Amino acid sequence: AATTAAAGGAPSVLGLPSYYNAGIADGAAIGLIGDWTKAVYGVSGGIEVSVNDSATLVLPNGTDTINLWQDNMFAVRVEVQVGFVVASLDYFRKLTNA
């Protein structure tokens with residue numbers, strides 16, 4: 001279930017209550033279905049892109065590293081802030097495997 005963000009973040013955005021959720025996966029839920037004309041999203045600010053070829057990455061084993069420059073590689077970081085709101089949750093239902 002969604003939890004109010006008031007305890008740890010912004011309680012509202014443009015006067016509407018804000019909520020956060022780690023995802024829809026709660027048991028058998030595999031997706032959402034609904035009237036998407038009752039939902040809207042927007043991008044605030046813009047998209048920020050950063051390219052780096054001098055980083056050193058630690059491999060999953062925790063000891064070995066890769067230097068991007070030495071291996072002719074680069075890393076790309078893309079940041080975007082997206083807002084999403086629905087008129088009412090009554091317009092949406094969870095899809096399950098059942």
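A residue counts as buried when its relative accessible area is under 20%, as exposed when that value is over 50%, and as partly exposed in between. With those limits in mind, open the structure, remembering that it is a predicted model.

Begin by selecting F92, which lies in strand β10, residues 92-96. Its relative accessible area is 9%, and because the limit for a buried residue is under 20%, F92 is classed as buried.

**Second stop: N52 and its surroundings**

Which residues does N52 touch, leaving aside its neighbours within four places in sequence? Display L68, F74 and A75, for these are the residues in contact with N52. If you then show the C-alpha atoms, you will find those of N52 and V76 separated by 6.5 Å, although the two residues are 24 places apart along the chain.

The side chain of N52 deserves a view of its own, together with the backbone of S54 and A55. The backbone nitrogen of S54 lies 2.6 Å from a polar atom of the N52 side chain, and the backbone nitrogen of A55 lies 3.1 Å from a polar atom of that side chain.

Select N72 in the loop between β8 (65-67) and β9 (75-86). This residue is exposed, with a relative accessible area of 73%. On its backbone, check phi, which is near 55°, a positive value in a residue other than glycine.

**Last stop: a salt bridge**

Side chains of opposite charge can pair when their charged atoms come close. To see this here, select R77 and E79, which form a salt bridge whose closest N and O atoms are 3.6 Å apart. A search of the whole structure finds one salt bridge. E79 counts as partly exposed, at 39% relative accessibility.

How values were computed:
Residues numbered from 1 in each chain as written. Predicted model: local features only at pLDDT ≥ 70, side-chain atom pairs only at ≥ 80, totals over all residues. Heavy atoms only, no water. Helix = DSSP H or I, 4+ residues; strand = E, 2+ residues; numbered from the N terminus. Buried < 20%, exposed > 50% of the residue type's maximum accessible area, 1.4 Å probe, protein only. Salt bridge = Lys/Arg side-chain N within 4 Å of Asp/Glu carboxyl O. Contact = heavy atoms within 4.5 Å. Polar contact = N/O pair within 3.5 Å; in protein donor to acceptor, adjacent residues only side chain to side chain.
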